[in-house]
Amino acid sequence: MTVTSPDECMTAVGHMCEHGGADRVIEVAGTDETFGMAWQCARPNAIVTVVALYDKPQTLPLPDMYGKNLTFKTGGVDGCDCEKIIRHIASGDIDTTPLITHRYPLSRIAEAYEIFEKRMEGVVKIAVYPD
């Protein structure tokens with residue numbers, strides 16, 4: 001896994017991918033910039049999965065996307081079907097360290113939601129754990 005800054009992302013994807021971009025892109029951050037970066041990093045005929053929450057509608061710049069033939073998948077995470085991904089995270093196959101900026105016990109969930117909703121303290125994602 002390679003972690004880059006947003007400014008270096010397009011270059012890093014270009015170096016790692018043979019077909020003009022990534023086969024699959026998952027957008028989790030939820031900003032105008034990361035939405036644009038997600039589809040731009042995708043190769044033609046790729047799948048872009050958007051699970052991020054945005055504070056305003058996003059626009060598909062169709063003239064710029066012409067010829068990419070992208071498939072967009074959107075929606076929240078189905079908490080009933082997370083066993084496989086949780087196993088990958090637990091085993092270290094997937095490193096979520098760059099995404100999780102805050103950790104809160106369940107007893108402080110209201111505070112965690114406020115920080116996330118208002119995008120305070122540089123939050124990206126919050127992990128909630130049992131008390």
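## A guided tour of the model

A search across the whole structure turns up 5 salt bridges. Keep in mind as you click around that this is a predicted model.

**Stop 1: a bridge between distant parts of the chain.** Select Lys56 and Asp32, whose side chains meet in a salt bridge (3.0 Å, N to O). This pair links distant parts of the chain: Lys56 sits in the loop between S2 and helix H3 (62–65), while Asp32 belongs to helix H2, 24 residues apart. Lys56 counts as partly exposed at 43% relative accessibility, and Asp32 is also partly exposed, at 35%.

**Stop 2: a bridge within a helix.** Now move to helix H4 (residues 83–91), where Arg87 and Glu83 are 4 residues apart and so separated by about one helical turn. Their side chains form a salt bridge (3.1 Å, N to O). Is Glu83 exposed or buried? At 60% relative accessibility, Glu83 counts as exposed; Arg87, with a relative accessible area of 48%, is partly exposed.

**Stop 3: one more pair.** Select Arg108 and Glu111 to see another salt bridge (3.0 Å, N to O). Arg108 is partly exposed at 36% relative accessibility, and Glu111 is partly exposed with a relative accessible area of 33%.

**Stop 4: a charged residue without a bridge.** Next, pick Glu27 in strand S1 (residues 22–27). Glu27 is buried but has no salt bridge. Which side chain of opposite charge is nearest to Glu27? That is Lys125, 7.4 Å away. What you will find instead is a polar contact between the side chains of Glu27 and Tyr54 (2.4 Å). Show the surroundings too: the residues that Glu27 touches include Thr34, Phe35, Ala38 and Val51.

Stop 5: Colour helix H1 (residues 6–16) and highlight the buried Cys9, Ala12 and Val13. These residues cover an arc of only 100° around the axis, which puts them on the same side of H1. The buried residues of H1 pack against S1 and helix H2 (32–41).

**Stop 6: the core.** Finish with the largest nonpolar core, which has 15 residues. Select Val25, Ala42, Val48 and Leu70, the residues with the most contacts inside this core. H1, S1, H2 and strand S2 (42–50) each give two or more residues to the core, and the largest share, 5 residues, comes from H2.

Terms used
Residues are numbered from 1 along each chain as its sequence is written. This is a predicted model: local features need pLDDT of at least 70, side-chain atom pairs count only at pLDDT 80 or more; totals for chains, interfaces and linings use all residues. Side-chain values use heavy atoms; hydrogens and water are left out. Buried means under 20% relative accessible area, exposed over 50%, partly exposed in between (1.4 Å probe, protein chains only). Lys and Arg count as positive and Asp and Glu as negative; His and the chain ends are not counted. A salt bridge is a side-chain nitrogen of Lys or Arg within 4 Å of a carboxyl oxygen of Asp or Glu. A polar contact is a pair of N or O atoms within 3.5 Å; within protein, one must be able to donate a hydrogen and the other to accept it, and residues adjacent in sequence count only if both atoms are side-chain atoms. Contact means heavy atoms within 4.5 Å. The arc is that of the directions from the helix axis to the C-beta atoms. A nonpolar core is a set of buried Ala, Val, Leu, Ile, Met, Phe, Trp, Tyr and Cys residues joined through side-chain atoms within 4.5 Å. Lists of a residue's contacts leave out its neighbours within four places in sequence.
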